[in-house]
Protein chains: 2
Amino acid sequence: MSVKSPVVIDLKFERSEVDAALADAFAGRTVLHASDPASDLSEARYAVIWKPDPSLFQRAPNLKVLFSGGAGVDYILAMAGLPDIPIVRFVDQSLTTRMSEWVVLQALSHLRQVPAYLKQQRDHEWRELPQPEAKDLTVGVMGLGVLGMDSVNKLKMMGFDVIGWSRSRKTVDGVETFDEGQLDAFLARTDILVGLLPLTPDTRGLYDAALFSRLRQGGALGRPVFINAGRGGSQVEADLIAALESGVLGGASLDVFEQEPLPATSPLWDMENVIITPHAASASDVRALFRNADAQILDYEAGQSLKHVVDRKAGY
Amino acid sequence: MSVKSPVVIDLKFERSEVDAALADAFAGRTVLHASDPASDLSEARYAVIWKPDPSLFQRAPNLKVLFSGGAGVDYILAMAGLPDIPIVRFVDQSLTTRMSEWVVLQALSHLRQVPAYLKQQRDHEWRELPQPEAKDLTVGVMGLGVLGMDSVNKLKMMGFDVIGWSRSRKTVDGVETFDEGQLDAFLARTDILVGLLPLTPDTRGLYDAALFSRLRQGGALGRPVFINAGRGGSQVEADLIAALESGVLGGASLDVFEQEPLPATSPLWDMENVIITPHAASASDVRALFRNADAQILDYEAGQSLKHVVDRKAGY
């Protein structure tokens with residue numbers, strides 16, 4: 001047994017990337033791999049996990065802290081046998097920056113009518129379309145955590161009118177914000193809805209027909225657009241497809257789905273003005289993840305408190 | 001004759017938009033339309049123009065100032081019979097913001113591998129691609145005027161490493177800049193080249209095989225990308241096509257072309273990783289154009305100097 005308590009790794013990431021990142025991480029600490037069935041995990045005090053095997057908690061009964069390999073933790077909270085120990089969310093500049101890249105890219109793609117222009121390109125058609133500018137559109141961001149706040153700031157900087165919604169009211173400089181009781185007012189102002197909410201009992205199935213129908217109609221793009229980079233469990237895909245078919249929604253950018261991978265038979269793949277990415281909006285930089293966990297473990301062992309600990313009642 | 005000297009309009013824009021904008025512009029001043037062949041333009045002192053008829057200068061021999069309806073003025077400088085009077089470029093927040101929307105959209109589209117993901121979408125294929133982040137790429141912006149500077153700032157804010165080039169050295173906070181004599185050093189650092197140069201004798205045919213071959217190979221995207229929103233006359237399209245075919249370039253976003261509309265037979269339309277828009281990256285807001293010209297005319301008549309006057313020797 002090393003002087004420092006062992007850490008167990010159970011990440012469904014590319015193994016070569018994990019190994020490369022481990023070369024510079026957890027100095028002086030034994031690193032155990034849950035993927036090795038012969039590995040004795042009984043001494044492990046810490047676990048760095050992303051979609052771990054259900055057997056983890058039986059094999060490692062002495063864990064003191066769980067570190068999530070992604071921003072979301074809904075997959076952990078749903079696990080059977082989850083011990084009552086702190087769960088640390090992964091908060092990292094790289095994760096945040098990548099998410100904002102994707103959100104700004106999608107908002108600009110709908111503003112600048114990328115699907116329509118790409119269709120014209122395929123047809124070799126040269127035709128300028130009527131073009132609103134960013135300030136003519138209100139982007140409503142749901143979820144004002146670290147990811148939401150960074151997206152809000154970058155969308156504003158690109159010229160969009162931006163408003164924000166969170167369960168409990170947040171104050172954001174220069175941005176009008178709404179809370180739980182003001183969802184209708186928020187939706188009525190929103191031309192492009194950006195979902196960056198965690199999956200919790202409150203947000204499961206939140207994006208449904210009733211919600212889509214309350215978004216602003218007749219804005220500068222004509223019809224509202226739905227962008228989701230939060231969790232697929234928050235969207236009712238049957239309602240989403242119906243809203244796109246009926247014209248309640250004019251377009252969508254989706255990185256998350258009720259079932260992932262999105263089944264090849266889903267009509268979403270072929271819908272006009274729908275942009276699909278394979279849960280790739282952001283990505284955990286595994287080096288940053290290990291740096292983060294390493295530093296927090298050292299602080300924890302020195303008696304300091306952990307940062308970004310999940311509130312189990314809130315679900316994030 | 002009205003108390004205020006008349007202004008002639010010769011804009012190849014949508015006539016209904018021009019008329020709507022005129023309702024609120026040039027109060028107390030006679031507005032003449034060059035498109036009306038019977039209109040007597042001999043008293044006109046000012047002209048607001050975009051690709052005007054060649055006969056304009058014969059019909060309006062008493063012009064004192066020309067206002068360009070776009071950011072570029074190469075089309076004016078090439079006109080036969082151009083009188084020796086000030087030419088005012090159109091500088092406007094809306095024009096600038098729209099250009100930056102397009103530039104940031106294109107840079108993000110190549111960073112986030114939009115053409116590859118759209119192909120996977122068409123094939124109903126769910127596959128995450130290896131993904132660098134913005135800071136791993138250096139965007140080199142050529143042209144550091146009003147448009148270039150706004151793009152530089154917004155690209156930086158999105159996380160890109162940004163460097164800038166201009167004929168004479170410009171100082172930009174937090175951005176390494178290069179001048180005429182340092183083009184090689186600038187290109188050798190550049191993963192994504194953004195062209196925002198005016199068309200002048202110096203920039204005609206600037207983007208050619210020799211230039212493309214000096215861009216950085218082996219950066220985070222593998223191969224360099226060329227984005228042009230300046231003028232098509234600056235690019236040698238045969239060289240551009242050859243560079244895309246041979247892999248000297250990995251992709252391009254093009255809003256301008258040697259010949260516009262881009263002929264339907266151009267191979268660019270169908271090239272993988274090439275994004276084409278029909279000279280729509282930015283657009284003059286005709287209301288802003290008239291507001292701008294109106295205010296400058298009043299200043300000029302009050303003896304003040306005009307702003308954004310073209311340096312004919314430099315060509316912009």
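Which strand and which helix of chain A each supply at least two residues of the lining of the second largest cavity?

Reply: They are strand E4 (65–68) and helix H10 (286–301) of chain A; helices (H or I, at least four residues) and strands (E, at least two) are DSSP runs numbered from the N terminus. The model is predicted: local features need pLDDT of at least 70, side-chain atom pairs count only at pLDDT 80 or more, and totals for chains, interfaces and linings use all residues. Residues are numbered from 1 along each chain as its sequence is written, chains are lettered from A and ligands numbered from 1 in the order in which they are written, and side-chain values use heavy atoms, without hydrogens and water.

A cavity here is a set of points, on a 1 Å grid over the protein atoms alone, where a 1.4 Å probe fits but cannot get out, and lining residues have an atom within 4 Å of a point. Volume is the space filled by probe spheres set on the points, which are joined across faces, edges and corners.

The second largest cavity holds about 40 Å³ of space. Its lining consists of Phe67(A), Ser68(A), Val88(A), Arg89(A), Phe90(A), Leu289(A), Asn292(A) and Ala293(A). H10(A) contributes the most, three residues. By class, the lining has five nonpolar residues, two polar and one charged. In this scheme Ala, Val, Leu, Ile, Met, Phe, Trp, Tyr, Cys and Pro are nonpolar, Asp, Glu, Lys and Arg are charged, and the others, Gly among them, are polar.

This space is one part of a count of four cavities of 30 Å³ or more. The largest cavity has a volume of about 160 Å³. Sixteen residues line the largest cavity, and those nearest its centre are Leu105(A), Gln106(A), Ile275(A), Thr277(A) and Val114(B). Two or more lining residues come from each of helix H4 (93–111) and strand E12 (274–276) of chain A and from H5 of chain B. H4(A) gives the most, with four residues. This lining divides into 10 nonpolar, five polar and one charged.

Next comes the contact of the two chains. It involves 49 residues from chain B and 49 residues from chain A, where contact means heavy atoms within 4.5 Å. About 4,200 Å² is buried between chain B and chain A, 62% of it on carbon and sulfur atoms; buried area is the accessible area (1.4 Å probe) lost on putting two parts together, summed over both. Four salt bridges are found across this interface, a salt bridge being a side-chain nitrogen of Lys or Arg within 4 Å of a carboxyl oxygen of Asp or Glu. One such pair is Glu133(B) and Arg98(A), at 3.5 Å from N to O.

On the side of chain B that touches chain A, at least two residues each come from helix H4 (93–111), helix H5 (114–122), helix H6 (146–157) and strand E12 (274–276) of chain B. H4(B) provides the largest share of that side, 11 residues. The residues of that side split into 26 nonpolar, 11 polar and 12 charged.

Some backbone details remain. The peptide bond between Glu260(A) and Pro261(A) is cis, with omega about -5°, and Pro261(A) sits in the loop between strand E11 (251–254) and E12 of chain A. In chain B, the bond from Glu260(B) to Pro261(B) is cis, with omega near -5°. Phe26(A), although not a glycine, has a positive phi of about 55°; Phe26(A) is in the loop between helix H1 (15–22) and strand E2 (29–33) of chain A.

Notes
1 Å grid on protein atoms, 1.4 Å probe; cavity = no way out; pocket = protein on both sides within 12 Å on 5 of 7 lines; lining within 4 Å.
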